[in-house]
Amino acid sequence: MTKAELRKTYLERRLSLGSEYLDLSKQICKHVFANFDFLTIKVIHTYLPIEKNKEPNTWLIVNKIKNEFPAVRISIPRVRNKILENVFFEGVHQLKKNKWEIPEPQSGIPTLTEKIDLVLVPLLVFDRSGNRVGYGKGFYDLFLKECPPTCKKVGLSFFEPVENINDIKDFDEQLTHCVTPEKVYAF
């Protein structure tokens, strides 16, 4: 299937999730902490979930880091002039929803991309090679290209991978891992 077909299908699947949504997010959170060593991570970048799109709830991860790994700095994104910028997360007081209803920091200390050790990447679906389908704006592809080669690029998905995505382009950035409620995939 093409990205457009997969985007439509998997957004509909995600929106149809009912009460299992929170349990699936908790399973993803559990796998993240069981499979990545937060004692070696200095800076993690995470998207903040678009609630209306039922994205995996990264607030569970943010709160666990703040409570159990206070030495790990959390960076969150905002879009300015069609570019994803990173700002250290200080608290919900710095957030405001943008035109896509994504909570974004309105202020804060910029995060240097080269300092990021792990990125939690939003997606709708991924394939067995680590390619992903997002919302089609390309913000994360551009950002991930700038990350250091040692940075782990970790997708979060409620669904298992598709065999392949038919229209992958050279500018599409691959994941190094993807976490589902069932398991962690490494690419």
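Two strands pair if DSSP finds at least two bridges between them. The exercises below use this rule on a predicted model.

**Exercise 1. Find how many bridges join strand S2 to S3, and which way the two run.**

Solution. 
- Locate S2 at residues 73-80.
- Six bridges join S2 to S3. The rule asks for at least two.
- The two strands run antiparallel.

**Exercise 2. Place the strands in their sheet and name the edge strands.**

Solution. 
- The sheet is open and has seven strands.
- Their order is S3-S2-S1-S6-S9-S10-S11, with mixed pairing.
- The edges are S3 (83-88) and S11 (184-186), each of which pairs on one side only.
- On average, neighbouring strands are turned by 25 degrees against each other, direction ignored.

**Exercise 3. State which strands helices H2 and H4 lie across.**

Solution. 
- Start with H2, residues 20-35. This helix lies across S9 (152-156), S10 (177-179) and S11.
- H2 runs at about 140 degrees to S10.
- Now take H4, residues 139-146. Helix H4 lies across S1 (43-46), S2, S3, S6 (118-121) and S9.
- H4 runs at about 170 degrees to S6.

**Exercise 4. Decide which residues of helix H1 are buried, and what they pack against.**

Solution. 
- H1 covers residues 3-15 and reaches 18 Å from its first C-alpha to its last, close to the 18 Å expected.
- Buried here means under 20% relative accessible area. The buried residues are Lys-3, Leu-6, Tyr-10 and Arg-14.
- They cover an arc of only 60 degrees around the axis, so they sit on the same side of H1.
- On the other side, Ala-4 and Lys-8 are exposed.
- The buried residues pack against strand S7 (125-126) and strand S8 (132-133).

**Exercise 5. Classify two aromatic pairs: Phe-33 with Phe-69, and Tyr-140 with Phe-143.**

Solution. 
- Ring planes under 30 degrees apart count as stacked, over 60 as edge-to-face.
- The model has eleven aromatic pairs.
- Phe-33 and Phe-69 have ring centres 6.0 Å apart and planes at 10 degrees, so this pair is stacked.
- Phe-33 is in H2 and Phe-69 in the loop between H3 (59-68) and S2, 36 residues apart. Both are buried.
- Tyr-140 and Phe-143 are 5.9 Å apart, centre to centre, with 80 degrees between the planes: edge-to-face.
- Tyr-140 and Phe-143 are separated by about one helical turn, because they are three residues apart in H4. Both are buried.

Note on methods. Residues numbered from 1 in each chain as written. Predicted model: local features only at pLDDT ≥ 70, side-chain atom pairs only at ≥ 80, totals over all residues. Heavy atoms only, no water. Helix = DSSP H or I, 4+ residues; strand = E, 2+ residues; numbered from the N terminus. Expected span 1.5 Å × (residues − 1). Buried < 20%, exposed > 50% of the residue type's maximum accessible area, 1.4 Å probe, protein only. Arc of directions from axis to C-beta. Contact = heavy atoms within 4.5 Å. Axes fitted to C-alpha atoms, helices over the stretch in contact; angles between N-to-C directions. Phe/Tyr/Trp six-rings, centres within 6.5 Å; stacked < 30°, edge-to-face > 60°.
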